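Take a look at the chain below.

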Amino acid sequence: MKRLLLLPVPLVLADPAIAFYGGSYEKEENPELSTDQSETLATYSEFHQSCMDIQMTMWGEVAELMEDLATAHCYCEYTKLEGIETITWADKDSAYVECAQAGKIREKKAFIWWALPLHRQRLEDEQK
């Protein structure tokens with residue numbers, strides 16, 4: 001008798017899943033990505049906020065050091081890009097790599113001490 005009662009259990013458990021699905025399989029089209037897109041550089045505060053969002057998502061807010069390092073990285077990237085009229089992905093990638101190298105383990109402290117005062121000054125100047 002117990003075996004007979006256990007037989008409908010999988011059917012009852014599967015029924016809501018079947019009812020929930022309710023759709024057919026549609027093939028999703030892959031969007032075409034171009035690496036030849038270019039753009040102009042945003043203001044420093046806009047660039048900094050966007051860059052910090054990316055850096056904080058990647059590293060998390062684990063320590064003040066990481067926030068300082070991310071700020072230094074973003075300042076470094078901006079200074080590398082600000083002389084370019086239209087910025088390509090290659091320009092962004094090059095700036096990112098150069099700044100990541102500048103923030104290596106051995107140079108972290110000097111990198112932060114270089115960038116933070118300049119970052120604060122640039123934000124103050126932009127607000128004036």
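Is Lys92 buried, partly exposed or exposed? Lys92 is partly exposed, because its relative accessibility is 31%. The scale runs like this: buried means under 20% relative accessible area, exposed means over 50%, and partly exposed lies in between, with a 1.4 Å probe and protein chains only.

Two notes on reading the model. This is a predicted model, in which local features need pLDDT of at least 70 and side-chain atom pairs count only at pLDDT 80 or more, while totals for chains, interfaces and linings use all residues. Residues are numbered from 1 along each chain as its sequence is written, and side-chain values use heavy atoms, with hydrogens and water left out.

Now back to Lys92. Its partner is Glu39, and the two form a salt bridge. That term stands for a side-chain nitrogen of Lys or Arg within 4 Å of a carboxyl oxygen of Asp or Glu. Here the closest N and O atoms are 3.0 Å apart. Glu39 sits in strand S1 (residues 38-39) and Lys92 in helix H5, so the pair ties together parts that are 53 residues apart in sequence. Helices (H or I, at least four residues) and strands (E, at least two) are DSSP runs, numbered from the N terminus. Glu39 is partly exposed, with a relative accessible area of 38%.

How many salt bridges are there by this rule? The count is three. Another one joins Lys80 and Glu98, with the closest N and O atoms 3.4 Å apart. This pair links distant parts of the chain: Lys80 is in helix H4, Glu98 is in helix H5, and 18 residues separate them. Lys80 is partly exposed at 38% relative accessible area, and Glu98 is partly exposed at 39%.

Glu82 and Arg122 also form a salt bridge, their closest N and O atoms being 3.0 Å apart. Glu82 lies in the loop between H4 and strand S2 (87-88), Arg122 lies in helix H6, and the two are 40 residues apart. Glu82 counts as partly exposed at 38% relative accessibility. Arg122 is partly exposed too, with a relative accessible area of 21%.

Next, go inside. A nonpolar core is a set of buried Ala, Val, Leu, Ile, Met, Phe, Trp, Tyr and Cys residues joined through side-chain atoms within 4.5 Å. The largest one has 21 residues, and among those touching the most other members are Phe47, Met52 and Leu81. Helices H3 (44-59), H4 (64-81), H5 (89-102) and H6 (108-127) each supply at least two residues of this core. H4 gives the most, with nine.

Follow Phe47 for a moment. Leaving aside neighbours within four places in sequence, Phe47 is in contact (heavy atoms within 4.5 Å) with residues including Leu41, Cys74 and Leu81.

His48 lies in helix H3. His48 is buried, because its relative accessible area is 10%. Not counting residues up to four places away, His48 touches Thr71, Cys74 and His119. Thr71 belongs to helix H4 and is buried at 7% relative accessible area. With its sequence neighbours within four places set aside, Thr71 is in contact with His48, Met52, Leu116 and His119.

Finish in helix H5, where Tyr96 is found. Tyr96 counts as partly exposed, because its relative accessibility is 31%.
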